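Hello,

Please find the structure we talked about below. My notes come after it.

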Amino acid sequence: MAGTRLLAVASGAFNLVASIIFTLSVTRRLPTEDLATLAVFNAALAVGLAFLGYATSWYSRILAKEPERFSNLAAVGVLMAAVSLAPFSAYLLLYGRLDPALAALGGLILLLQAWPAGAYLSVFRQRAATLTGLVGQLAKIVGAAAVRLSPTAYLALLVTAAVYLPTALAKVARPNFHGAVATIKTLIRGAPYQTLALMTTLAGGFVTYAVLLAGGDKLLSYNYVLFQLGKSVYPALTIVPLMYGSLLVERDKLRRALIDGAVLMYLYLLAAAVMAKEPAWYIALLRPSELGSNELIDAVRLNGIALLASGVFLHVDTTLKGVEERVIFALRDKPARALLFDLAFSPISVGLMYVMASAYGAPGMVAASAIAAAFPIAYRLRLLGRGYAQLVARLYLPAFAALAAVYLLPMPLLGYSTRSVLETVLTFIPNLLIIAAVSGVAFALASPPAREALKLLARLTNKR
């Protein structure tokens with residue numbers, strides 16, 4: 001298990017590198033009209049995936065209980081991909097971008113996303129899930145080279161489809177359309193929950209509108225930069241599906257939540273610690289023209305707290321869903337009650353964002369985000385009950401204590417170059433190692449699960 005997690009983290013780091021390479025190839029080579037096409041395509045795909053979620057949200061939970069239903073889910077996935085293609089195409093048509101090639105590429109990506117192989121691997125063959133993801137990222141790097149030679153939106157989207165192909169091919173079966181009806185009846189019971197999830201997401205989108213009202217395009221651009229900073233936690237995100245899959249099948253769910261949580265929290269802590277100590281580095285990498293903006297630098301430094309809070313939310317939310325015994329969530333179940341709280345709390349989040357962003361600019365925007373995250377976290381902990389109070393004492397508080405230590409402790413950090421992206425990255429590596437060591441030691445001293453995770457890693461290393 002420890003080896004799988006280590007491989008997943010390495011895969012996540014590689015994912016981050018591959019994404020940067022591919023993104024730079026696309027944004028620097030494609031003409032403006034092709035970039036606009038990609039933007040519309042991605043928005044249309046998000047709509048299609050939202051409809052697809054009515055089925056895919058339950059794949060892992062169903063397969064954890066009944067792995068023999070893979071063929072039934074495969075049939076449902078094919079049907080749902082066909083259904084989701086309609087709103088996807090309608091969105092493209094609304095923007096005047098619909099053509100046969102884009103529709104075919106959208107249908108292919110939806111089909112690959114609807115295939116239940118990824119869910120199956122995340123529960124029963126987690127190392128294979130990580131390896132197929134790694135192969136997909138290799139395809140992205142090869143695709144980046146192809147896009148540089150032939151820069152078109154269609155090729156870029158074909159590369160995107162190729163990323164999902166290895167995982168889909170890792171578990172192939174003939175779709176059982178005869179058994180699909182019974183499976184669809186099962187999935188229909190989860191439709192109210194999934195609709196609630198969509199409503200919560202839409203309500204959360206008003207936070208961006210509050211930012212626009214508070215500070216116009218300038219604050220909105222800062223918000224976009226801060227959003228891009230979140231990609232630095234890509235290695236942590238590879239742990240989440242593995243943790244979720246393990247929680248569905250393991251008996252000692254608290255221990256699994258603590259061990260995987262220690263890995264997740266440290267990776268979020270590391271990204272937050274870099275923001276705390278080297279906020280200008282992020283700006284130099286993403287938007288060097290803003291290096292003179294003290295407002296943005298202060299916002300990035302403060303964003304370390306907001307980012308770590310988002311990691312805590314991700315962990316406690318995954319734990320809440322993973323320990324729920326019911327296969328399909330109903331509105332009376334704890335995960336649905338958590339979403340109802342989020343929906344009810346969203347007007348307060350939007351109002352807080354507007355007030356603080358208006359008064360304090362970008363730092364106020366970040367502070368509002370961190371404060372607003374505390375309430376959904378607290379409510380989910382209440383839903384988990386006293387049995388999971390250890391998450392706070394052994395994971396969350398130690399992680400914030402370690403971040404506080406990073407803010408306060410002086411470190412012998414070196415200067416770095418801003419002449420090119422490559423030099424900016426390479427000259428920062430010594431600082432990254434120093435920050436990683438300090439934050440890691442502080443977290444391990446304060447968190448017993450972090451020390452246990454290190455012991456598991458040490459045993460794995462010794463075996464090799």
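This is a predicted model: local features need pLDDT of at least 70, side-chain atom pairs count only at pLDDT 80 or more; totals for chains, interfaces and linings use all residues.

Residues are numbered from 1 along each chain as its sequence is written, and side-chain values use heavy atoms, with hydrogens and water left out.

**Whole chain**

The protein chain has 20 helices and 0 strands. Both are DSSP runs numbered from the N terminus: helices are H or I with at least four residues, strands are E with at least two. The C-alpha atoms fill a box of roughly 65 × 55 × 50 Å along the principal axes.

Of the 464 residues, 48% count as buried. Buried means under 20% relative accessible area, exposed over 50%, and partly exposed in between, with a 1.4 Å probe and protein chains only. Contact means heavy atoms within 4.5 Å. Among contacts between residues at least 6 apart in sequence, 82% join residues at least 24 apart.

**Helix α9**

Helix α9 spans residues 180-188, and A180, T183, T186 and L187 are buried in it. They sit on the same side of α9, because they cover an arc of only 115 degrees around the axis. The arc is that of the directions from the helix axis to the C-beta atoms. These buried residues pack against α2 (32-56), α3 (59-65), α4 (70-94) and α10 (191-204). K185 and I188 are exposed, on the face turned away from the buried side.

**T56**

T56 is found in helix α2. T56 counts as partly exposed because its relative accessibility is 25%. Leaving aside neighbours within four places in sequence, T56 is in contact with Q113 and A114. T56 and P116 are 60 residues apart along the chain, yet their C-alpha atoms are separated by 7.5 Å.

**L155**

L155 lies in helix α8 (residues 153-169). At 21% relative accessibility, L155 is also partly exposed. Not counting residues up to four places away in sequence, L155 touches A146, V147 and S150. L155 and A81 are 74 residues apart in sequence and 22 Å apart in space, C-alpha to C-alpha.

Best wishes
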